[in-house]
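Here is a short note for a colleague opening this model for the first time. Please read it with the structure on screen.

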Amino acid sequence: MKSFLKLTLPAAALVATAWLAPVVAQAQAPAAAPAAAPRTAKARAPIDMTGAWVAVVNEDWRWRMLTPPKGDFPGIPLTPAGTAAANAWDPATDGSCKAYGVGGLMRMPTRLHISWDGEQAIKIETDAGVQTRHLSFERSPAGPPTLQGYSDARWEYPVGTPATGPAAGAPPAGSLRVVTTGHSGGWVRKNGVPYSDKAVITEYFDSFKGPDGQDWLTVLTQVDDPVNFVGGFWTSSHFKRETGEAKWFPKPCKS
């Protein structure tokens with residue numbers, strides 16, 4: 001019996017020590033640091049779109065700077081229904097707010113004022129037509145259709161960029177993708193070329209510096225409308241940064 005106790009008691013002590021070690025270690029380990037809050041859309045921005053911008057009309061001048069005549073809409077892939085609606089345009093409605101909806105607004109010869117509306121939305125204001133857009137990085141709320149609709153935004157980064165976005169101080173690399181639905185429809189040109197409330201408007205915003213150091217903003221717009229267009233209608237609009245807003249002249253559209 002004595003020899004049995006001599007053999008088993010040390011073994012039992014070893015077993016108890018092995019069992020208690022993790023418990024003791026866990027009790028002595030420091031508490032884990034709380035998870036860091038997700039970075040906001042503003043903090044993750046790969047480009048700076050804020051400030052004052054002016055449209056540079058370097059293409060389609062006669063369809064953008066002027067109101068085209070009735071029936072003048074070459075280059076737009078209209079369905080028969082879209083053609084009929086465009087041909088029914090009444091010149092007396094020139095200046096209608098329908099031309100300043102989300103599908104045509106960025107094509108206007110306008111100035112923009114772009115700012116952050118909190119940490120999760122970008123606000124775009126125009127002097128042409130006096131419109132305001134909100135590009136939200138959070139789910140857009142449901143509600144009745146509006147002229148500018150509901151724009152869901154997200155940053156797009158080069159391959160290999162962490163999901164949290166580029167590190168602070170990193171060189172600009174990326175663009176903004178915006179998809180707009182929930183709008184009331186409108187015109188892609190001032191002479192009544194229509195897009196319906198079923199259209200999906202996808203935009204890509206990008207900012208870069210020209211050879212002379214000038215800041216540029218480009219907006220590539222695709223309007224997909226099963227009612228009025230055969231395939232997508234694409235445009236590319238360009239804006240140049242301005243210093244100050246001395247040339248800001250708001251001109252409302254006709255409701």
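1. Ground rules. This is a predicted model; local features need pLDDT of at least 70, side-chain atom pairs count only at pLDDT 80 or more, and totals for chains, interfaces and linings use all residues. Residues are numbered from 1 along each chain as its sequence is written, and side-chain values use heavy atoms, with hydrogens and water left out.

2. Cavities. The count is 2 cavities of 30 Å³ or more. A cavity is a set of points, on a 1 Å grid over the protein atoms alone, where a 1.4 Å probe fits but cannot get out; lining residues have an atom within 4 Å of a point. Volume is the space filled by probe spheres set on the points, which are joined across faces, edges and corners.

3. The largest cavity. Its volume is about 230 Å³. It is lined by 22 residues, and G104, R107, V188, R189 and T235 are the closest to its centre. Helix 2 (61-64), strand 8 (186-189), strand 11 (215-224) and strand 12 (232-242) each give at least two lining residues. Helices (H or I, at least four residues) and strands (E, at least two) are DSSP runs numbered from the N terminus. The lining has 11 nonpolar, 5 polar and 6 charged residues. Here Ala, Val, Leu, Ile, Met, Phe, Trp, Tyr, Cys and Pro are nonpolar, Asp, Glu, Lys and Arg are charged, and the others, Gly among them, are polar.

4. The second largest cavity. Its volume is about 40 Å³. Among its lining residues are W53, R111, E242 and W248. Strand 1 (51-55) and strand 2 (111-116) each supply two or more of the lining residues. By class, the lining divides into 4 nonpolar, 1 polar and 4 charged.

5. T110. This residue sits in the loop between helix 3 (80-87) and strand 2. T110 is buried, with a relative accessible area of 3% (buried is under 20%, exposed over 50%, partly exposed in between; 1.4 Å probe, protein chains only). Its side chain makes a polar contact of 2.9 Å with the side chain of D127 (N or O atoms within 3.5 Å, one able to donate a hydrogen and the other to accept it; residues adjacent in sequence count only if both atoms are side-chain atoms). The T110 side chain also reaches the backbone nitrogen of A128 at 3.1 Å.

6. S151. Strand 6 (residues 150-156) holds S151. S151 is buried too, at 2% relative accessible area. Its side chain makes a polar contact with that of R133 (3.4 Å).

Key. 1 Å grid on protein atoms, 1.4 Å probe; cavity = no way out; pocket = protein on both sides within 12 Å on 5 of 7 lines; lining within 4 Å.
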